[in-house]
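Q: I have a model open and would like to learn how to read it. Could you walk me through a few features?

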Amino acid sequence: MSTASTTLPSAGPVAGSRSFLSRLREGDKIARLITFLFAASVVLITILLVFELWQGSVLPRHKFGFAFFRTSVWDPVFEQFGALPFIYGTLVTSAVALLIAVPLGIGAAIFLAELAPARVSDTLEFFIDLLAAVPSVIYGLLGVFIVVPLMRQYIQPALKDALGFLPLFKGPAYGLGFLTAGIVLAIMVIPYIISVSREVLLSVPRDQREAALALGSTRWESTWKVVVPFARSGIMGSIFLALARALGETMAVSMVIGNAPTISASLFSPGDSIASVIANQFSEATGELYTQSLIELGLVLFLLTFMLNGLARILILATSQRGSGMGNA
Amino acid sequence: MKRTAAILLMTFSLAAFFIARAALSITGAGATFPYPMYSKWFDEYHKKDANIEINYQSIGSGGGIKQITEGTVDFGASDGPMNDEQLKAFQDKHGYAVLHFPTVLGADVPTYNIPGVTTELNFTPEALAGIFLGKITKWNDPAITGANKGVNLPANDIIVVHRSDGSGTTYIWTDYLSKISDEWKNKVGKGTSVNWPVGLGGKGNEGVSGLVKQTPNSFGYVELIYVIQNKMPYGRVKNSSGAFIKADLASVTAAAAGAAKNMPDDFRVSITDAPGKTAYPISSFTWLLIPAKFSDTAKRDAVKGFVKWMLADGQNYTEALSYAKLPKEVVAKEERALNSIQ
């Protein structure tokens with residue numbers, strides 16, 4: 001119960017005579033409860049989601065068990081389902097995307113945060129935010145009409161000539177495949193890395209930079225050896241944000257990956273990813289086992305994302321305890 | 001506060017009044033292939049009888065079968081007939097059967113992109129099966145050149161393109177391949193989605209045709225309506241009488257007429273590889289899935305009325321949208337079957 005308010009002299013317990021301010025203090029508790037419920041509802045929705053995915057995939061879980069993760073056959077006619085090609089495709093395309101996007105993104109972020117004049121930095125940041133907001137279908141169209149022909153006619157043959165002895169670059173050049181999907185994904189996630197990393201780099205305290213410069217380091221040395229390590233955990237957060245987007249990306253990937261569930265060492269080979277196959281096959285799936293196998297694939301993707309995010313958290317915790325602000329290598 | 005409440009109450013009751021007055025609403029869901037046709041039909045039928053409003057959601061044949069079995073829609077639609085298992089599931093759940101009514105015809109055509117070849121190619125069933133099984137790998141294979149004398153086919157690898165999404169188009173194609181090739185039947189089978197031995201996947205008819213257009217030496221299958229409306233070149237297929245037939249509305253209707261003689265009473269028939277000199281071998285019906293019993297007599301009469309109209313006037317709208325109409329024998333049989341809906 002609220003204590004006596006300071007604005008009105010109390011005139012006895014008449015209903016409605018409690019002042020506005022004294023009612024406001026109790027409102028704190030109500031506000032706390034309401035905002036707690038909002039936060040809890042997010043957790044509740046996630047739990048419900050996992051529960052539904054679990055319930056919805058009961059048939060294939062009982063029929064295939066863990067073999068679902070080992071089998072590479074996906075046959076809706078003879079009802080044999082295995083998730084391996086899709087897990088492989090999801091991981092490979094995301095890995096290729098990160099391999100391309102991380103150096104480019106962090107390099108661009110360093111340029112924008114440290115080395116560019118403020119006006120250039122702000123203008124470029126505006127465009128990068130625009131890029132991040134472009135819907136993924138547009139990237140898919142970009143992939144199909146620009147990246148795929150480029151890959152088929154110039155880039156893949158060039159890679160084959162130069163590095164064709166590697167198993168990574170063997171096989172006919174269709175234009176579609178893991179490499180193309182990885183490149184399109186990289187284009188999609190670079191804006192995220194640049195945006196977040198730039199913010200993090202800008203928030204490094206000035207005295208860190210100034211101290212490095214005062215000790216005689218060059219501009220680049222102070223950036224690379226002092227500022228970037230200080231911002232390491234934020235930059236890694238941006239990388240995992242990018243990874244999360246790459247793992248779940250559906251439309252753009254399904255348009256350029258070739259949709260042939262194969263496991264191959266070659267990046268030129270067509271493949272398939274979990275999100276892509278669910279989007280492609282779910283609406284026409286007939287038969288309980290088929291539909292539920294697709295739902296189980298969704299559960300697999302959820303678990304994959306969850307595990308990688310958990311890994312991200314652990315890595316960030318581990319590195320931030322060690323390095324932030326201390327400046328040791 | 002009182003005034004807002006009064007206004008809200010008035011708005012709701014007005015709305016309720018209008019909704020209550022509005023049409024008898026029938027819902028259906030299912031196949032995407034005939035969606036443009038159904039859209040036109042439902043619109044025309046509503047003009048004819050403003051009290052009946054039919055809503056259709058093209059969520060896919062699988063969705064159509066699922067929803068009609070669940071009972072969430074009044075009728076379903078599917079490019080492939082329900083199999084015995086699905087029929088039994090419906091019967092077990094509802095206590096009565098679900099009936100199939102063919103509405104229009106579709107067909108698949110082979111399309112290709114071979115640098116230097118501009119003529120229409122002929123394809124034998126063996127060639128088609130061999131290419132899609134991955135056994136015929138080059139364009140100058142005897143199985144293909146044998147049917148195309150005088151055409152200079154290069155020694156390039158064939159790049160097969162199929163559908164990545166589940167679709168009635170794939171069902172028609174694989175149904176045909178299963179009929180003319182035992183190896184295909186045992187190895188791959190038929191379905192809206194299959195385990196393709198070779199090839200790249202494109203999403204939708206537009207995905208496959210886009211891939212074929214962009215990729216030299218490629219070969220894929222697309223829906224007839226799509227090639228007609230997009231004016232694409234496509235090949236001829238040899239039918240069971242030995243003639244190389246090009247797919248068009250007439251040859252597709254001829255396939256249905258050829259199969260009409262042996263049409264089972266439940267209309268669940270595949271008309272691929274149909275007999276008939278002018279029949280196009282890769283054709284198929286698409287069906288409406290209607291329960292044999294309705295608890296709501298108004299809905300039953302509305303649905304029956306629509307199907308009756310569809311079989312008569314409705315067939316006049318098909319050619320404008322490039323759908324082949326039903327042959328007369330099938331229409332007559334369906335009109336008789338309509339009477340069994342209670």
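**The contact between chains A and B**

A: Happy to! The contact draws on 25 residues from chain A and 27 residues from chain B. Keep in mind that this is a predicted model.

Q: Which elements give two or more residues to the side of chain A that touches chain B?

A: They are β1 (74–75), α6 (136–163), α11 (251–256) and α12 (274–281) of chain A. The largest share comes from α6(A), with 3 residues.

Q: What is the make-up of that side by class?

A: On the side of chain A that touches chain B, there are 15 nonpolar, 8 polar and 2 charged residues.

Q: Why is α7(B) described as largely enclosed by the rest of the structure?

A: A residue is called buried if 20 or more other C-beta atoms lie within 10 Å of its own. In α7(B), 11 of the 13 residues are buried, so the helix is largely enclosed. Among them are Tyr171(B), Ile172(B), Trp173(B) and Asp175(B).

Q: And Ile138(A): is it buried or exposed?

A: The cut-off for exposed is 12 or fewer such atoms. Ile138(A) has 12 other C-beta atoms within 10 Å, so it is exposed. Ile138(A) sits in helix α6 of chain A. Its C-alpha atom is separated by 23 Å from that of Gln156(A), 18 residues apart along the chain.

Key
Residues are numbered from 1 along each chain as its sequence is written. Chains are lettered from A and ligands numbered from 1 in the order in which they are written. This is a predicted model: local features need pLDDT of at least 70, side-chain atom pairs count only at pLDDT 80 or more; totals for chains, interfaces and linings use all residues. Two residues are in contact if their C-beta atoms, placed from the backbone, lie within 7 Å. Helices (H or I, at least four residues) and strands (E, at least two) are DSSP runs, numbered from the N terminus. Ala, Val, Leu, Ile, Met, Phe, Trp, Tyr, Cys and Pro count as nonpolar, Asp, Glu, Lys and Arg as charged, and the others, Gly among them, as polar.
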